[in-house]
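Trainee: I have a model open on my screen and would like to learn how to read it. Could you walk me through a few features?

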Amino acid sequence: MSSSTALSASIAPITSGVASKLSPTTHRVPRHEHSVLRPPDGLIYTIISIAIFLVFFYQPHSWRVALWKSIRPVIPDERLFLLVGLLLSHGLVFIIANLVMTAIYYVEHPFFEQFKIQSKPWPWKRGKAERDAYFALIRKSILLVFFNQYVITPILLWTSYAGQKKAGMNGDIDNVPYWYTTLIHITICMVIEDTLFYWAHRALHHPAIYGPVHKVHHSYKTSIGLASEYAHPIEFIFSNAVPFSTGPLLCGVLTGTGMHYLSFFMWSMLRTGETVDGHSGFEFPWSPYRLLPFSGSSTAHDFHHSVNIGNYASFFTWWDHWMGTDQAFKRWEAKMSNQQTEKSTSKDPTPTAAPAPTTAHPSASTSATTTDAADSTTEPESDADATPKNEVADEGIARRTRSSKKKKSRRVE
Ligand SMILES: [Zn+2]
Ligand SMILES: [Zn+2]
């Protein structure tokens with residue numbers, strides 16, 4: 001496709017510099033710390049995340065057929081049915097997830113607070129000026145998210161309908177997919193989406209594109225669920241919609257079976273849930289997305305929003321690893337882990353002892369979350385030594401990195 005060729009050409013200067021810095025030994029993809037392997041005290045959360053995964057993907061086939069037979073005839077026109085189904089599947093997850101998150105932000109219950117990524121107060125609790133600025137940003141976000149979802153999406157879907165039919169996508173009642181077909185198709189979608197999203201997102205950080213386009217999304221230095229789809233319409237089309245919809249179009253070619261709308265709507269729900277989770281500001285240990293091999297994490301994307309460096313992918317970590325764009329994050333994680341280890345092993349209570357090192361979340365570098373003062377145009381290699389600028393205590397991050405270190409040592413054993 002000509003657009004992808006142009007994209008490749010535009011990002012080539014970025015990628016060549018980073019790729020050349022990779023040594024052969026760095027090419028092994030590490031298992032991310034937020035994976036299915038967890039400390040024993042997190043076992044219950046792993047069981048919950050597996051249960052969510054199973055409930056989402058597995059249903060007896062007769063149930064699926066019955067469900068489809070009941071909803072497909074509601075809107076006889078297939079194109080309109082597809083549009084309404086997509087908007088509902090997305091809207092349902094997006095609205096419910098954000099309502100739940102809003103309740104969690106508001107209540108600040110200690111149970112949830114233990115999973116909060118940043119230790120500093122939410123922007124709306126940092127004084128009147130920041131609160132007003134943040135709420136103004138939220139109001140703008142609601143309008144732009146609405147525009148993207150209910151104006152841009154229908155146009156894209158309506159105009160691409162012929163292509164979808166050619167690609168074998170269908171809503172046939174006598175062709176309802178088995179659960180494993182849905183699982184295979186959605187897995188394909190995740191891999192393709194992650195790849196396209198990585199490169200599109202990285203292109204968005206090119207200095208020529210960042211300012212006029214991607215800076216909108218990076219208005220959130222402390223991200224919340226709503227931030228996930230707060231994006232310039234150009235970004236929404238090329239970095240969100242295209243990566244999302246390419247996998248469904250390729251399922252027919254790759255598997256010989258076109259994607260059914262039931263699977264397509266489930267893919268929409270899964271992708272929407274993932275991006276809200278990634279922007280929520282919490283690292284929930286029961287997140288089913290962390291079950292994925294080489295899963296990304298909310299912490300990684302929070303780091304991206306906080307310091308604007310690296311961690312460009314959505315579902316997985318392999319592109320960031322292969323391209324070396326996770327190096328700043330890894331160094332920061334290691335630094336936090338080391339500092340916390342020193343802190344916990346230092347039992348010397350003598351007054352002359354040096355003060356314990358302070359762990360930090362990188363977002364502490366920006367006092368105002370809604371200003372762009374700290375924005376960097378983000379050639380990843382140019383910020384290779386990115387270190388959080390001003391540091392404050394962050395027990396949540398430190399705890400997670402400590403768990404990671406324990407886990408690594410267990411694996412070595
Ligand atoms: Zn970005
Ligand atoms: Zn983001």
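Trainee: Let me start with a pair of helices: in which hand, left or right, does α4 pass α11 in its crossing?

Mentor: Before we look, keep in mind that this is a predicted model. The crossing of α4 past α11 is right-handed.

Trainee: At roughly what angle do the axes of α4 and α11 cross, and are the helices parallel or antiparallel?

Mentor: The axes cross at roughly 30° and come within 9 Å of each other. Angles under 35 degrees count as roughly parallel, and α4 and α11 are therefore described that way.

Trainee: Which residues make the contact?

Mentor: On the α4 side you will find L82, G85, L86, S89, H90, V93, F94, A97 and N98. From α11 come Y261, F265, S268, M269, T272, G273 and V276. Sorted by class, the contact has nine nonpolar and seven polar residues, with no charged ones.

Trainee: What does A200 touch, leaving out residues up to four places away in sequence?

Mentor: A200 touches F238, S239 and P243.

Trainee: Now a loop residue. Where is M259 found, and is M259 buried or exposed?

Mentor: M259 sits in the loop between α10 and α11. A residue is buried if 20 or more other C-beta atoms lie within 10 Å of its own. M259 has 27 such neighbours, so it counts as buried. Beyond four places in sequence, M259 is in contact with M169, H185, P248, C251, G252 and F264. Also, M259 and I186 are 73 residues apart in sequence, yet their C-alpha atoms are 9.2 Å apart in space.

Trainee: And for the whole chain, how many helices and strands are there?

Mentor: The protein chain has 15 helices and zero strands. Of its 413 residues, 40% count as buried. Among contacts between residues at least 6 apart in sequence, 78% join residues at least 24 apart.

Terms used
Residues numbered from 1 in each chain as written. Chains lettered and ligands numbered in written order. Predicted model: local features only at pLDDT ≥ 70, side-chain atom pairs only at ≥ 80, totals over all residues. Contact = placed C-beta atoms within 7 Å. Helix = DSSP H or I, 4+ residues; strand = E, 2+ residues; numbered from the N terminus. Buried ≥ 20, exposed ≤ 12 C-beta atoms within 10 Å, placed from the backbone. Axes fitted to C-alpha atoms, helices over the stretch in contact; angles between N-to-C directions. Parallel < 35°, antiparallel > 145°, perpendicular 65-115°, else oblique. Left-handed = near helix turned anticlockwise from the far one by under 90°. Nonpolar A, V, L, I, M, F, W, Y, C, P; charged D, E, K, R; others polar.
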